[in-house]
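This report goes through selected features of one protein chain. Please keep the sequence and the 3D view open while reading.

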Amino acid sequence: MRNFLQRDSMSLSIVTLAMLVCASLPLKVYSKNFFFNTSVTGNTNRYKWDSINKENSLDVELKPKYRSNSGITLSGYVPISKSFKGEKKWSLSDGFVQPSYPIYEYEELLSITGVGRIYGPLSEASKNDTKMITKFSVLPTFSADLSQIGATGLGLVYRPQYTYGVYEYKTSLSGKSNTLHTFTQLYGISFDFLEKFSISTSFFYSLYWTHKKNQKEDSFYWIQEASMIVNDYLSWDLGYSNQAGVKKDNGYDSNIKLTDDSSGTFYTSLTLKF
C-alpha cells in the first residue's frame, strides 16, 4: 500500500494541478496571474502511406501556469497521445510540475532562469514496467537576445538538464536496469521576423546511466520549426524532427543527421492560449 501511495501521489498531484488551474480559468477576468495553454499536434513519419511502417499520431498537451507577482512561475504539463496504428487508443505520457525563477539579466541581452521539474508516473510503462515513483530535474536556462547588439530577431539558448530517477526497484519488470541518471544538453537558435513569424532549430544530446552504473546508448533529438502567431490567443507551428541513437548499428560511425527516412517525423501544431 505504501508503494502504491508513493507511486500514485505524484500522478494525482499533477492531474490535480491541471484541474485546479482549469477550474480557475474564470479568475482570468480578475487576475493576470493565471494562464492556460493547450496544444494539438499531428505527427506522421516519412514512410509511404501504404507502408506497414507508416505511423500517424495525435498529441494533446495541457499546460497550466501560475505566475506570482514576485516572478516565480509554477507550471504543469500533462501530455496525452493517440496512435492511429495498432490499438488506436489514447494514452498518457509522464507529466511534471515545473517551478522557475529569473536569476539574472544583463541589459536585456543575457538572462539566466532557474528551472526545476518533478515528474509523475502517468504513462503505462512508468506505472507497470519501470515502476517509477518520480524523477527530479534541474535545468538552468541561459538565453541571449542578440537584437540588443544589432542582430535583429536572432536568439540563442543553452539548457543543460540533469535528471535523477526514483523507482521501486532497480530493475524493470521486463528485466532491464532502470535509468538512474540522465544528462541532456539543449542548443537552440531562433530568428523572429515580420513580427508574427519565426524559424528555429533545437538540438538535444542525451546521456544515460543505469542502476548498474552502465552507460546506455547516447541519443539525439533535432527539431526544425517554423511558427506563426495568428493572434493573441492562437499560434501555429510546422516542423520536422529526427530522433535516434548517436551511433549507427556498427557502434562506430555517427548517426547524427538532420533527416532520416526511418526516424524522421513531420508535424503541425496549433496552440491555444488563455
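The sections below cover strand pairing, backbone angles, salt bridges and surface patches in this predicted model.

Strand 11 spans residues 197-210 and strand 12 spans residues 215-229; the two pair in the antiparallel sense over twelve bridges. One of the positions in this pairing is S198, whose bridge partner in strand 12 is S227. The hairpin between strand 11 and strand 12 has four residues between the strands, and K213 in this hairpin takes a positive phi near 65°.

Strand 12 is also joined to strand 13 (residues 234-245), in an antiparallel arrangement with eleven bridges. Here M228 has W236 in strand 13 as its bridge partner. Y240 counts as buried, because its relative accessibility is 9% and the cut-off for buried is under 20%. The C-alpha atoms of Y240 and I223 are 5.9 Å apart in space, while the two residues are 17 apart in sequence.

## Positive phi angles

Most residues other than glycine have a negative phi. E108 has a phi near 60°, which is positive although the residue is not glycine. E108 sits in the loop between strand 5 (95-106) and strand 6 (110-120). With a relative accessible area of 52%, E108 is exposed.

K131 has a phi near 55°, again a positive value in a residue other than glycine. K131 belongs to the loop between helix 2 (124-128) and strand 7 (132-138). Is K131 buried or exposed? K131 counts as buried, because its relative accessibility is 17%, under the limit of 20%.

## Salt bridges

Side chains of opposite charge can pair when their charged atoms come close. The count of salt bridges comes to five, and three of these are described here, namely R46 with D261, K127 with E124 and D260 with K257.

In the salt bridge between the side chains of R46 and D261, the N to O distance is 3.0 Å. R46 lies in the loop between strand 1 (34-45) and strand 2 (56-67), and D261 in the loop between strand 13 and strand 14 (264-273), so this pair ties together parts that are 215 residues apart in sequence. R46 is partly exposed at 34% relative accessibility, whereas D261 is exposed at 52%.

K127 and E124 meet through their side chains in a salt bridge with an N to O distance of 4.0 Å. Both residues lie in helix 2, three residues apart, which is about one turn of the helix. K127 is partly exposed, with a relative accessible area of 25%, and E124 is partly exposed at 47%.

In the salt bridge of D260 with K257, the closest N and O atoms are 2.8 Å apart. D260 is buried, with a relative accessible area of 11%, while K257 is partly exposed at 32%.

## Surface patches

Which residues gather in a patch of negative charge on the surface? They are E105, E108, D145 and D192. E108 is the loop residue between strand 5 and strand 6 with a phi near 60°. D192 lies in strand 10 (residues 179-193) and counts as partly exposed at 46% relative accessibility. A patch residue needs over 30% relative accessible area, so D192 at 46% and E108 at 52% both meet that condition.

A nonpolar surface patch of about 600 Å² is made by I72, Y101, I103, Y104, Y106 and L110. Strand 5 gives the most to this patch, with four residues. Y106 lies in strand 5 and is partly exposed, with 38% relative accessibility.

Notes. Residues are numbered from 1 along each chain as its sequence is written. This is a predicted model: local features need pLDDT of at least 70, side-chain atom pairs count only at pLDDT 80 or more; totals for chains, interfaces and linings use all residues. Side-chain values use heavy atoms; hydrogens and water are left out. Patches are made of residues with over 30% relative accessible area and no salt bridge: like charges are joined within 9 Å, nonpolar side chains (Val, Leu, Ile, Met, Phe, Trp, Tyr) within 5 Å. Accessible areas come from the Shrake-Rupley method with a 1.4 Å probe; for residues, only the protein chains shown count as cover. Lys and Arg count as positive and Asp and Glu as negative; His and the chain ends are not counted. The place of a charge is taken as NZ of Lys, CZ of Arg, CG of Asp or CD of Glu. Buried means under 20% relative accessible area, exposed over 50%, partly exposed in between (1.4 Å probe, protein chains only). Two strands pair if DSSP finds at least two bridges between them.
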